[in-house]
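Here is a short report on strand pairing and chain contacts. Have the viewer open as you read.

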Amino acid sequence: MLALVLLTGLAACGGGAPGAVSDAGIFDPYETQNRKVHAFNRGLDRALVRPAAIGYSSVLPDEIEDSIGHFASNLGEPSVAINSLLQGDLRGAGLSTVRFLTNSTLGIFGLADVAAEFKLPEHDTDFGETLHVWGVGEGAYLELPVLGPSTTRDTTGMVVDLFTNPLSYVIDEPERYYGTGAGVASGLSTRGRFTDTVDSILYESADSYAQARLIYLQNRRFELGADDPGTDIDPFALDTEGF
Amino acid sequence: MLTRRFFVAGTGAALLLPPLPALALTANGASQLVNSLVGDINTVIASGKGENAMFRDFERIFARYSDTSYIAAYAMGVDGRRASNGQKRAFSKAFQGYISRKYGKRFREFIGARLEVNDVREVKNWYEVRTTAFLRGESPFTVTFHVSDRSGQPLFFNMFIEGINLLLTERTEVGALLDRNSGDIDAMISALSRSG
C-alpha cells in the first residue's frame with residue numbers, strides 16, 4: 001500500500017516536466033524529488049538498515065539465513081507462475097509451479113530449496129516484467145522511500161504484484177505476516193551479504209544517487225533483455241590522443 | 001609503462017608471461033585474452049599477498065589486458081576536450097590506480113571463484129566475450145567483456161557485470177568528482193587518486 005500512496009503522491013506533486021533522455025538512456029524528470037528520497041534512504045540505511053543487516057547476518061548462521069530466504073522466495077513462486085503465464089512464458093510458469101510444489105512439500109514449507117537439487121533452476125519475474133513484455137516502456141526513474149531505485153513501470157508492477165499472489169487470498173492472518181516478516185528478513189540478509197558492494201555505491205562514490213540510478217537501470221534492462229544504449233559503445237569512435 | 005616500480009615490484013603474475021602478440025583479432029583471440037586475464041587474476045588472488053601488493057598486481061593486469069587509454073578517455077567524457085596533455089596523462093595514471101583499488105577490493109569476494117567463457121560473438125567492430133562467474137554461495141551471474149584491437153593488439157575496453165557497464169559507471173563517477181570540484185580537472189585528478 002505504501003507504494004500506492006506514494007504513486008498517488010508523486011502523480012499529485014510531479015508536474016512531469018519533459019526531461020531529456022541522456023546517452024545512457026536515463027530519463028529522470030523527477031530528479032529533485034528523487035534526490036530528496038535518496039538522501040532519506042541513505043540516512044535510513046546508515047542509521048538502521050545497515051547495522052541491522054550486519055547484525056542479522058553475523059548473528060544468524062548462514063544455513064538459517066538461507067532457509068528464511070528460501071521460505072520468502074517460495075511464497076513468491078505462485079506470483080512468479082502467474083506473471084510467467086501473463087507473459088506467455090509457459091516454461092517459466094511450469095518451472096515455478098513445480099518448484100513451489102516441490103519446495104512446499106519436500107522442502108518443508110519452502111525452508112529448503114530442494115528443487116534446485118533436482119536441477120530446477122530458480123526463475124524470477126514480476127508484473128513490471130509482464131508490463132515490459134506487453135510493450136510498456138520503462139517510464140521515468142523513481143527512487144522509492146525504503147524500497148529504493150525503481151521506475152514508473154516497475155513501481156506500477158510492484159503495486160499490481162500485491163494482488164497477483166493467490167496465496168494472499170488463501171492465507172489468513174496471522175500466518176500471512178510470516179511471509180512479510182520473512183521478506184523483510186531476506187532483504188536484510190541480502191543487504192548484509194553484499195555489505196561491501198552496497199557500501200561502495202552508497203558511501204564511497206562521489207554521487208551515490210547517480211551511481212545507484214545508473215546501476216539499477218542497467219541491471220534491470222539486462223534482466224529484462226531490454227535495449228540498453230550503453231551496450232553499444234564503439235571503441236573506434238573516440239579520440240584517445242594524450243590519454 | 002616500464003617504470004622503476006614495474007621492475008622492483010618483483011614476482012607479479014603478469015610479469016612472468018610473454019607479451020601479447022599483435023595479430024588481427026579473431027573470436028578465438030578475444031576469448032583467449034579473457035581466459036588469460038582470468039588466469040592472471042586467479043593467480044593474484046591465490047598468492048595470498050597483502051592488500052597493497054595485490055592492488056599493484058591488479059594495476060599491472062589492468063594495464064596489460066585493457067585498453068587503458070580508451071577507458072580513461074571515455075571516463076573523462078567531453079571534459080577531456082579541454083584537458084591539457086599533461087592533465088590527460090596524470091588522469092590516466094590516477095585512473096588506473098583508482099580502478100585497481102576499487103575492483104581489487106571486490107576481487108576478495110572472488111576467492112575460490114571461477115569464470116567460464118560461454119561464447120564469443122562479433123559485434124560491429126569488436127568482439128563480445130560472455131562468461132559466467134561462479135562465486136561461492138551465490139547464484140552464477142554473467143560477466144561480459146568487449147574486446148577490440150583498436151590499439152593494435154587485442155585488449156578489453158568494456159566490462160559488464162550483470163549488465164552494469166564499467167565505462168558508464170566510471171564516466172558517472174568522474175563526472176560527479178568534477179562537479180564536486182566545480183569542474184577543476186586538477187582537483188578532480190587529485191580526488192581520484194585518493195578514492196577507490
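## Terms and numbering

Two strands pair if DSSP finds at least two bridges between them. Strands (E, at least two residues) and helices (H or I, at least four) are DSSP runs, numbered from the N terminus.

This is a predicted model: local features need pLDDT of at least 70, side-chain atom pairs count only at pLDDT 80 or more, and totals for chains, interfaces and linings use all residues. Residues are numbered from 1 along each chain as its sequence is written, while chains are lettered from A and ligands numbered from 1 in the order in which they are written.

## Hairpin in chain A

Strands β1 (residues 141-144) and β2 (residues 148-151) of chain A run antiparallel, joined by 4 bridges. Leu144(A) sits opposite Gly148(A) in β2(A). The two strands form a hairpin with 3 residues between them. In the turn, Val146(A) has a positive phi of about 65°.

## Sheet in chain B

Chain B has an open sheet of 5 strands, in the order β1-β2-β3-β4-β5, with antiparallel pairing. β1 (114-123) and β5 (164-165) of chain B are at the edges; each has a single partner strand, so one side of each lacks a neighbour in the sheet.

Within chain B, β2 (residues 126-134) and β3 (residues 141-148) pair antiparallel over 7 bridges. Tyr127(B) has Val147(B) in β3(B) as its bridge partner.

## Contact between the chains

In chain A, 24 residues are in contact with 31 residues of chain B (contact: C-beta atoms, placed from the backbone, within 7 Å). Helix α11 (residues 208-224) of chain A gives the largest share of chain A's side, 8 residues.

By class, that side has 11 nonpolar, 7 polar and 6 charged residues. Ala, Val, Leu, Ile, Met, Phe, Trp, Tyr, Cys and Pro count as nonpolar; Asp, Glu, Lys and Arg as charged; the others, Gly among them, as polar.

Note on methods: Two residues are in contact if their C-beta atoms, placed from the backbone, lie within 7 Å.
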